[in-house]
Amino acid sequence: FHSRLKSCSFEIPSSVYPMRNKLSRISLLVVVFLVRSSLCFSSLRPLGLADVGGYSLNTAGNCVALLSRSGIPKVAKACRHHRLYSTSRSNDGLNEDQNDIKDSYTPEVTGGCVRNIANHLRLLDKSLERSSQRGIFQRINDILWEERPSLTDAVSNITTAEILDQNSRFGILSHGTQSDPVFNYANVASLILFDEKIEELCSTPSRYSTVPELMDDRSKLISDIENIGYGYIDNAVRITAKGKLFVIKKILVWNIYDDNEIRIGLAAMFDRLSVIPYSTE
């Protein structure tokens with residue numbers, strides 16, 4: 001906090017001093033102070049997670065641009081620090097061209113990321129709502145609403161596919177229907193947690209993210225969820241790409257259906273705030 005507060009200091013432009021009218025100089029100083037103070041203190045918002053890679057995360061897990069020492073927001077691509085896109089995916093996030101792409105979800109697809117992110121997340125949201133009466137967006141925004149300190153505080157809702165894709169708190173993952181299902185999507189929160197690049201994740205069977213010897217029969221758990229439509233996995237031990245073990249206290253898992261009601265995969269959602277280090281004690 002103090003380091004960011006120091007960055008709010010400002011220097012008076014040298015062009016101010018030659019001005020003859022003292023009142024004008026004072027007015028300009030007041031304007032400069034108010035504008036710079038407004039910019040600085042707008043950046044000192046409460047953080048639900050730690051500063052990561054040059055950007056901060058608010059309680060919703062949404063990216064918030066930090067101010068540089070000059071007081072100018074670091075917009076650039078800071079909030080996509082952990083998103084390393086494949087060649088079929090724009091470095092500038094979701095774009096209109098993706099809306100025309102039709103992804104294939106057949107079991108014959110051996111790997112690769114979905115390209116139409118907006119449509120994929122729409123199917124995930126629609127499928128979860130079909131199975132449980134509440135979709136992804138409603139569930140996340142319900143959590144954020146319940147966490148608000150008071151009715152007067154603003155709630156930063158997650159309302160679009162792009163916000164969800166770039167969100168760093170609520171993880172979303174999915175895989176296909178292959179005999180050995182391969183991941184086909186992960187948002188920023190998931191990539192951070194599993195310490196993985198998107199291209200590498202989308203060529204990895206989902207079973208490699210688990211630790212079979214530290215969990216119940218995974219095949220039975222997944223089979224039960226597929227039969228019911230959705231379900232929870234409690235205290236799930238998972239492993240990062242670098243071999244680090246961690247525990248997700250609760251994972252919501254559900255079937256994904258396309259617009260023709262054909263099952264095309266399985267999705268998972270978790271809250272990074274519920275993740276704890278694995279311990280043998």
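The side chain of Asp103 reaches the backbone nitrogen of Asn116 at 2.9 Å, a polar contact in the sense of a pair of N or O atoms within 3.5 Å, where within protein one must be able to donate a hydrogen and the other to accept it, and where residues adjacent in sequence count only if both atoms are side-chain atoms. This is a predicted model, in which local features need pLDDT of at least 70 and side-chain atom pairs count only at pLDDT 80 or more, while totals for chains, interfaces and linings use all residues. Residues are numbered from 1 along each chain as its sequence is written, and side-chain values use heavy atoms, with hydrogens and water left out.

- Asp103 is placed in the loop between β2 (63–65) and α3 (117–132), where helices (H or I, at least four residues) and strands (E, at least two) are DSSP runs numbered from the N terminus.
- With a relative accessibility of 18%, Asp103 counts as buried, a term that means under 20% relative accessible area, with exposed being over 50% and partly exposed in between (1.4 Å probe, protein chains only).
- A polar atom of the Asp103 side chain also lies 2.8 Å from the backbone nitrogen of Arg115.

**Strand β7 and its partners**

- Strand β7 (residues 263–271) is largely enclosed by the rest of the structure, because eight of its nine residues are buried.
- Strand β3 (residues 170–175) runs antiparallel to β7 and is joined to it by six bridges, and two strands pair if DSSP finds at least two bridges between them; Gly171 stands opposite Phe270 in β7.
- Strand β6 (residues 245–257) is likewise antiparallel to β7, with six bridges joining them, and here Tyr257 stands opposite Arg263 in β7.
- β6 and β7 form a hairpin with five residues between them, and in the turn Glu261 has a positive phi of about 65°.

**The second largest pocket**

- The second largest pocket holds about 270 Å³ of space, a pocket being an open set of points on a 1 Å grid over the protein atoms alone, where a 1.4 Å probe fits, with protein on both sides within 12 Å along at least five of seven lines.
- Of the 14 residues that line this pocket, those closest to its centre are Arg139, Ile143, Tyr232, Lys250 and Met269, lining residues being those with an atom within 4 Å of a point.
- The elements giving two or more residues to the lining are α4 (136–147), β6 and β7, and α4 gives the most, with four residues.

Notes. Grid points are joined across faces, edges and corners, and a volume is the space filled by probe spheres set on the points.
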